[in-house]
Amino acid sequence: MYTLFIKRIIDFLIALVALIVLSPILLLVIILLLFANNGKPFFFQRRPGKGERIFNIIKLKSMNDKKDDSGELLPYEYRITKVGAFIRKYSLDEIPQLINVLKGDMSIIGPRPLLIQYLPLYNVQQKRRHDVRPGITGWAQVNGRNAISWKQKFEYDVWYVDHISLLLDIKILIKTVKKVVLKEGVNNSEKINMPVFTGNEE
């Protein structure tokens, strides 16, 4: 009952209220990013959702598009802007994903949506992370985020799928707020970029 109906209703209400409450902050950050990113405050990318259905995730753009002489994007540390570093530190870049929640692409809590090119690389167990809607935050995020291995991240994702409940979602939400406010765990890894996932780890 919770996963079929109640979770979706709670997601919609939380996303709607959060967008209204955070709209002044969102508007201010968008204005700052318009200047920092040459008129491009948003970042859009195709990601797989529930049932591997593809959707466009919406985030605030924390990095510019500077490239090297061969046309490849420069490393993180050369592209992150001052405004971008700030919004990532406090997870403000995630706010527009509330729109994805309203649309039904995402949930407030769930496995983070990863890159499309990873889909053929998952084993049968790892593919189960797509049995639920992806989330803005999740069990893996409050247990290490980018500071843990891909193997551990997927284990946390599948564990969540198997144990999903209202109480667990409340626990994850509380831990997320605590970590963002106190800059623990989740935000200790905001400067750590996950390596590219190349296949199953043994």
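Ala, Val, Leu, Ile, Met, Phe, Trp, Tyr, Cys and Pro count as nonpolar, Asp, Glu, Lys and Arg as charged, and the others as polar. By these classes, the lining of the second largest pocket holds six charged, three nonpolar and two polar residues. The structure is a predicted model. The pocket in question has a volume of about 150 Å³. Its lining comprises Thr3, Leu4, Lys7, Arg8, Asp11, Lys50, Ser107, Asp131, Val132, Arg133 and Ile164. Helix 1, spanning residues 2-36, contributes the most to the lining of the second largest pocket, with five residues.

Aromatic contacts were examined next. Eleven aromatic pairs are present in the structure. One of them joins Trp139 and Tyr156. The ring centres of Trp139 and Tyr156 are 6.5 Å apart and the planes stand at 90 degrees, so this pair is edge-to-face. Trp139 belongs to the loop between strand 4 (135-137) and helix 5 (150-163), whereas Tyr156 belongs to helix 5, so the pair ties together parts 17 residues apart in sequence. Trp139 has a relative accessibility of 11% and therefore counts as buried, the cut-off being under 20%.

A stacked pair is formed by Trp150 and Phe154. Here the centre-to-centre distance is 5.5 Å, with 25 degrees between the planes. Both residues lie in helix 5, four residues apart, or about one turn of the helix. Trp150 and Phe154 are both buried. Ring pairs also link Trp150 and Phe154 with Tyr118, Tyr122 and Phe197 in a cluster. Lys153 lies over the face of Trp150, 5.8 Å from the ring centre.

Terms used
Residues are numbered from 1 along each chain as its sequence is written. This is a predicted model: local features need pLDDT of at least 70, side-chain atom pairs count only at pLDDT 80 or more; totals for chains, interfaces and linings use all residues. Side-chain values use heavy atoms; hydrogens and water are left out. Rings of Phe, Tyr and Trp (its six-membered ring) pair if their centres lie within 6.5 Å; planes under 30 degrees apart count as stacked, over 60 as edge-to-face and the rest as tilted. Helices (H or I, at least four residues) and strands (E, at least two) are DSSP runs, numbered from the N terminus. Buried means under 20% relative accessible area, exposed over 50%, partly exposed in between (1.4 Å probe, protein chains only). A charge sits over a ring if NZ of Lys or CZ of Arg is within 6 Å of the ring centre and within 35 degrees of the ring normal. On a 1 Å grid over the protein atoms alone, a cavity is a set of points where a 1.4 Å probe fits but cannot get out, and a pocket is an open set with protein on both sides within 12 Å along at least five of seven lines; lining residues have an atom within 4 Å of a point. Grid points are joined across faces, edges and corners, and a volume is the space filled by probe spheres set on the points.
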